[in-house]
Amino acid sequence: MRTTAAPRGPLVGRENELGLLDELTDAARSGRGGALVLRGEPGIGKSALLDHARGAASEWRVLLASGAEFERELPFAALHQLCVPVLGHLADLPVRHADALRTAFGLTAGTPDLFRIGLATLEMLASAARDRPLLCVVDDAHWLDAASASALSFVGRRVSAEPVAMLFALRTPTPGGLDELPVLDVGGLSDVDARALLAAQSHLLIDEQVLGRLVAEARGNPLALLELPRSGGYGPPDTSSVPARIERGFQARLAHLSDEVRLLLTVASADPTGDPGLLWPAAGRLGVDVPTASVAAAATGLIEFSTRIRFCHPLARSAVYRAARAGERYTAHRVLAEVTSAISDPDRRAWHRAQATAGPDDDVAAELARSAQRARARGGVVAAAAFLERAGELSQDATGRVQRTLEAAQARLGAGDPRRAAALLGAVENAVLDESQHAYADLLRGQVAFQSHHDHNGPAFMIRAARRLADLDPDRSRRCLLDALEMSLLVGRASGVMETVLAAARSSVSTPRPPDALDLLILLKEEGHRVAVPLIRQVLDGPDNPLWIERPALALMLAGEMWDPHLHATITGWLTRTGRESGSPLLLRLGLAHTGSHGVFAGDLGSAMVAIAEEEAIAEVIGGPPLPFHRIQMAAMRGRRKEALQLFESSMIAATAKGSGLLVANIHWAAAVLHNGLADHPAALDAARQAVAAGDLFLASFALPELVEAAVRCGETDVAATALQSLTERAEASGTATGLGVAALARGLVTGSEEQYRNAVEHLQRSPLLPYRARAHLLYGQWLRREGRRRECRPYLRTAHGLLSGAGLEAFAQRAADELRATGERPRSRSGHTYDQLTMQEVHIARLVAAGATSNEVAARLFISPRTVDAHLRSVFRKLGVTSRRQLRDQPGLGA
C-alpha cells in the first residue's frame, strides 16, 4: 500500500479517512473492487474527501453523479447521470440487459426489466473498466432517487471481482440499499486539527480569543471553520445547529447583491441538472443581463459557471433557494418549465410546473398524472407515487383529487411505504366518496394492514370492501375476499383469515356463476375432503384458467393438501418460468421457494440448495429479506440437530415479531420431522401437535404422519388413532400414490398390520418423495426386526439406509444404520456429499456449469458478474479436486 502524505488544507486531520480511500482504490486497481459510503453531517468534509479521491485517480476513468433534492422523484435520474459517459459500452452487453438500461434511461420506449438493471449496470461498468480502473463518485447520495439508489447499491455489493471503486457521500440516515455497503462515519476534527485548518488559511488573521470561540462553535466541522469567520466571529453564542449556521453564512453573501443577481442564483438553485442550456434561456426570459449578473454571482464564491453549473457546496444551493421569497421560487420554476423540453424531458417539466403552482390547477395535475403513468411504466413506483400525490393536491375537481390520492396511496404501497400510504388514506377519510371509492379505500387499508406486523385488521378491511361491492359488482366482491386470503398466504399470516373470509363468502349475494375457489373452500370446510376434492381439482387445474394464474399461493397450498406432488411441481414450474419470462420477482421468488420445498420433500437437497441460493440472490436485488420456509424445511430433513435448532430458534423469534402464523406452523412441522429423525419422539409429538392444531392447508396435512409416528412411539394411542383418521380421509380422497402410501404407513404403525406396511412400500415406490419412500422401508424393516424376522428385515433396512444416506438425510440415515447394526450387519459407510463441501451459491454455480452454462449465463441467473462466477468456480475446483468444467459433470449431485 502506498504511503499517504500528511494532508493539508481542508483535509487536515483526515489521515484515517484518506488511508481507507487509498486501500479501496489500491484494491480496485488490482481487480478487487469495492464500495465505501462516507456518512456525516453537512460540511463535515465528505466532498473534500471525494475530491481527493478524484485527484488521486488521475490515470483512472472517473464517473461522477450527484443526488439532487428536486430529482428524488425521477426514476434512474442519478444512475443515468453517472452512466452517460460509458453508454457506448451498451453494445458490449447482452441484448436484454442493454434494452433494460435503454428503457430505464428513456432512450427507447417501453417498460424496463427492473430485475436486470442492476446487473446490466454492473456489466457496463465492468466493460468500461477493462482498459483502466474505474472510479464512480456519487455525492449527495441521500438525495438519490430510489431506483438509482437500489441499482447502485446492487452494483456496490458485487464489484469485488472488478477493477471498480465506488464512493458515496451522504448525510444520515442512509437511504435504503446503500446502508448495506461499508460505511465510514466522518466525524468532526479535534480542536488541534481545527486550529491547524484555520492556520492553513493564511489569508485569515484571527484573534486568539475569537479563534477559541470559532473552534468551540464549529464543533469540528471543517466547512463551519472556513465559513463562520466570513460572517464575523463576535457576538453572543449561537445555539443553532452547525449546518444551519453555515447556511446562514452563505445567505449573508446574498445581502448586498442586486435583485437581478439574486434572481439568477435562485433560478440556478431551482435547477438540479446544472445545465447551462436551461439556465441561460430561463434567465433570459426574466430579462436578466446574463453576462453582468453571472460575473457578480460568481464573485460571491457560491457558484461556478462552466460546462456545468456547480454550487460550491450543497448547503450553498439550499441556502440560496431558501433565501428566496415564495414568489421568486415560483417564478424560477415557471421559467425552467418553459425552457424544459416537453418531448425529451416531460417529467422534469411537469415537476417544475408543479413547483411553480401555489393553488389548484387541473391542467398541471393532469400533466403530473401523465408523468406518473410514464414513471410507473419505467419502474419508478416511488416517482409515480410522488407525481400522483402532488397531482391530487393540485386537483380542483374533488372526484379527481380523491381518485389521484387513492392511486398515490396504492403506488406508495407498491413502493413499500405503507406508512405514507396510510397517511394518504387518512387525507381522504372525511371526503365525499362514492361506494366504489369507499371499497377502493378499504382494499388499500387492508393492504396497509397486511404489510404492518402489528395490525391484524387487513382481512376486516378487505371484507368490508367486498360487502360494499356485493350489490354493485358481485364478481369483484368475491375477488376482494380471495385477495384477502391470497395476501394472507403471501405475507405468512393466514391463521384465522380463512374462517373469516369464508364466513363473509357464505353471507354474500348468490349469483349464477361457475364455482370458484371460495366455493371449494367452503365445501372442504363443511363436507370434508371426500366431497370437496373433485371440485378442488376442477377449480385448481381448470383447462382454461387454472387457479394458480391468479392465486398461486392458494393453489400451492391446495396441491399440498391433496398430497399431490406432481401437481405441486407443475405449479412450481409454471411460477418459475413465468417469473423469469415476465421479470416478476413475486412470481419467481414464490416459484423458487416452492422449488426448494419440492427438492426437500423429494430428497434432492442439491436442487433445494440451488433454489435457495437463487431466491436469496433475487431477494438481495430487490432489497428484501429472503423467504425462510424452504431453508427451515431443508434443515429438518437434513437432520443436523444443532444447526437445525439454531435456525428454528432464530426463525421463531422473527415469526413471532412479524405475526407470521404460517412460518410458526412451518417451524413446528420442521421440528416434528427433525425430532422423529433423531428418535426424540416426545419432542416430535409436542411439535406435531402444534403444527396440526394450526389447521393450515398443506402444513397440517404433512404434519399428520409425524404426529402418528410420534404418538405411537410415545404410547399416545388415542392421539395416533385420531390423527390417522384425519390422514386417511385426505389420502383416500386424493387417490395419489403418495397420499395412499403415507396413510398406509401410518396405519401400519397404529395397527401393526404387515399388509399395511407392504401397501405403503408398494404405493410409495410410485411417489417422487424419496424421504417418505425410504421411511416406509425403514419402519417396515424395523417392524420385521422386532418381530424377530432378522433375515427378512435386512433388505428393507439396507434400502432405507442407502436412500437416506445417499440423499444426505443424516438423522433418518442414522436410525437406519442403528437398525442394521441391531441385526448384526455393519452398514456400508457413505462418502460425503459434494454439496457438503460447497456453499449454496457454489452448488448453484457448479450445477449450472456442469449442465453446460457459460459464465455469462450463470452471471445472469445469479445477478453477479462473470468474473465473480469464475472466482467461485476456482473455489469449487479447489474444493472438489477437479481442473475443468467437464469434470464437474462426473461429480455426484452435479452432473446430469
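Q: Is Phe 76 buried or exposed?
A: Buried: in this predicted model, Phe 76 has a relative accessible area of 4%.

Q: What about the phi of Phe 76?
A: That phi is positive, about 65°, although Phe 76 is not a glycine.

Q: OK, over to Phe 863. What's its phi like?
A: Phe 863 has a positive phi too, at about 60°, and is not a glycine either. You'll find Phe 863 in the loop between α44 (855–862) and α45 (866–880). Phe 863 is buried, with a relative accessible area of 4%.

Q: Switching to rings: how many aromatic pairs does the structure hold?
A: There are 13 aromatic pairs. One of them joins Trp 351 and Phe 387, with ring centres 5.5 Å apart and planes at 75°.

Q: Why does the pair of Trp 351 and Phe 387 count as edge-to-face?
A: Planes over 60 degrees apart count as edge-to-face, and the planes of Trp 351 and Phe 387 are at 75°, so the pair gets that label.

Q: Which parts does that pair tie together?
A: Trp 351 belongs to helix α16 (residues 346–355) and Phe 387 to helix α18 (residues 381–394), so the pair ties together parts that are 36 residues apart in sequence. Both Trp 351 and Phe 387 are buried.

Q: Which residues do ring pairs link into a cluster?
A: That cluster has Trp 563, Phe 601, Trp 669, Phe 698, Phe 702 and Tyr 772.

Q: What lies over the face of Tyr 321?
A: Arg 329 does, at 5.3 Å from the ring centre.

Q: Now the outside. Which residues form a nonpolar patch on the surface?
A: Leu 490, Val 491 and Leu 586 form one, with about 230 Å² of accessible area together. Val 491 lies in the loop between α23 (474–490) and α24 (497–506), and is partly exposed at a relative accessible area of 33%.

Q: Last topic, cysteines. How many disulfides turn up?
A: A search of the whole structure finds 0.

Q: Why is Cys 136 in no disulfide?
A: The nearest cysteine sulfur, that of Cys 83, is 7.5 Å away from the one in Cys 136, and a disulfide needs the two sulfur atoms within 2.5 Å.

Q: How accessible are Cys 136 and Cys 714?
A: Cys 136 counts as buried, at 1% relative accessibility, whereas Cys 714 counts as partly exposed, at 30%.

Terms used. Residues numbered from 1 in each chain as written. Predicted model: local features only at pLDDT ≥ 70, side-chain atom pairs only at ≥ 80, totals over all residues. Heavy atoms only, no water. Phe/Tyr/Trp six-rings, centres within 6.5 Å; stacked < 30°, edge-to-face > 60°. Helix = DSSP H or I, 4+ residues; strand = E, 2+ residues; numbered from the N terminus. Buried < 20%, exposed > 50% of the residue type's maximum accessible area, 1.4 Å probe, protein only. Lys NZ or Arg CZ within 6 Å of the ring centre and 35° of its normal. Patch = residues over 30% accessible without salt bridge, like charges linked within 9 Å, V, L, I, M, F, W, Y side chains within 5 Å. Areas by Shrake-Rupley, 256 points an atom, 1.4 Å probe, with all protein chains shown as cover. Salt bridge = Lys/Arg side-chain N within 4 Å of Asp/Glu carboxyl O.
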